[in-house]
Amino acid sequence: MNGLIAVEKNLSRLADFLENEGYEVIDLDESSLDTVDAVVVSGADNNLMNIETALTDVPVIDATGKSAADILAELQKL
């Protein structure tokens, strides 16, 4: 899946990495969750994650403790 991924602003290095891997990346704050294929969050705010999963049916990936390669592998499984 090389789709549209919403990424939190504080994960800018990850966003750059995913773009280099062929994904279209947009800022989570500026996106409509209805249009994205997956969401990547930092995990710094667990309540934010709960809200996102309630508002959208797309996969939400918690980046806590994961490398960019780990997240890429999760996206490729979708």
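## Asp27 and its surroundings

In this predicted model, the side chain of Asp27 reaches the backbone nitrogen of Asp29 at a distance of 3.1 Å. Asp27 belongs to strand β2, which covers residues 24-27, and because its relative accessible area is 16%, under the 20% cut-off, Asp27 counts as buried.

Once neighbours within four places in sequence are set aside, the residues in contact with Asp27 are Val7 and Lys9. Lys9 is 18 residues away from Asp27 in sequence, yet the two C-alpha atoms are 6.1 Å apart in space.

## The sheet

Strand β2 is part of an open sheet of 4 strands, arranged in the order β2-β1-β3-β4 with parallel pairing. The edges are held by β2 and β4, each of which has a single partner strand, so one side of each is left without a neighbour in the sheet. From one strand to the next, the twist averages 25 degrees.

## Strand β3 and its partners

Strand β3, residues 38-41, is joined to strand β1, residues 4-7, by 3 bridges, and the two strands run parallel. Within this pairing, Ile5 stands opposite Ala38, while Val7, which is also a contact of Asp27, stands opposite Val40. With strand β4, residues 60-62, β3 again pairs in the parallel sense over 3 bridges, and here Val39 has Val60 as its bridge partner.

Beyond the residues up to four places away in sequence, Val40 touches Ile5, Ala6, Val7, Glu8, Leu11, Leu14, Ile61, Ala63 and Ile71.

The largest nonpolar core holds 15 residues, of which Ile5, Val7, Leu18, Tyr23, Val40, Ile71 and Leu75 touch the most other members. Two or more residues of this core come from each of β1, α1 (residues 12-20), β3 and α3 (residues 68-77). Apart from this core lies another, made of 8 residues, including Leu4, Leu28, Leu33 and Val41.

Conventions:
Residues are numbered from 1 along each chain as its sequence is written. This is a predicted model: local features need pLDDT of at least 70, side-chain atom pairs count only at pLDDT 80 or more; totals for chains, interfaces and linings use all residues. Side-chain values use heavy atoms; hydrogens and water are left out. Buried means under 20% relative accessible area, exposed over 50%, partly exposed in between (1.4 Å probe, protein chains only). Contact means heavy atoms within 4.5 Å. A polar contact is a pair of N or O atoms within 3.5 Å; within protein, one must be able to donate a hydrogen and the other to accept it, and residues adjacent in sequence count only if both atoms are side-chain atoms. Two strands pair if DSSP finds at least two bridges between them. A nonpolar core is a set of buried Ala, Val, Leu, Ile, Met, Phe, Trp, Tyr and Cys residues joined through side-chain atoms within 4.5 Å. Axes are lines fitted to C-alpha atoms, for helices over the stretch in contact, and angles run from 0 to 180 degrees between N-to-C directions.
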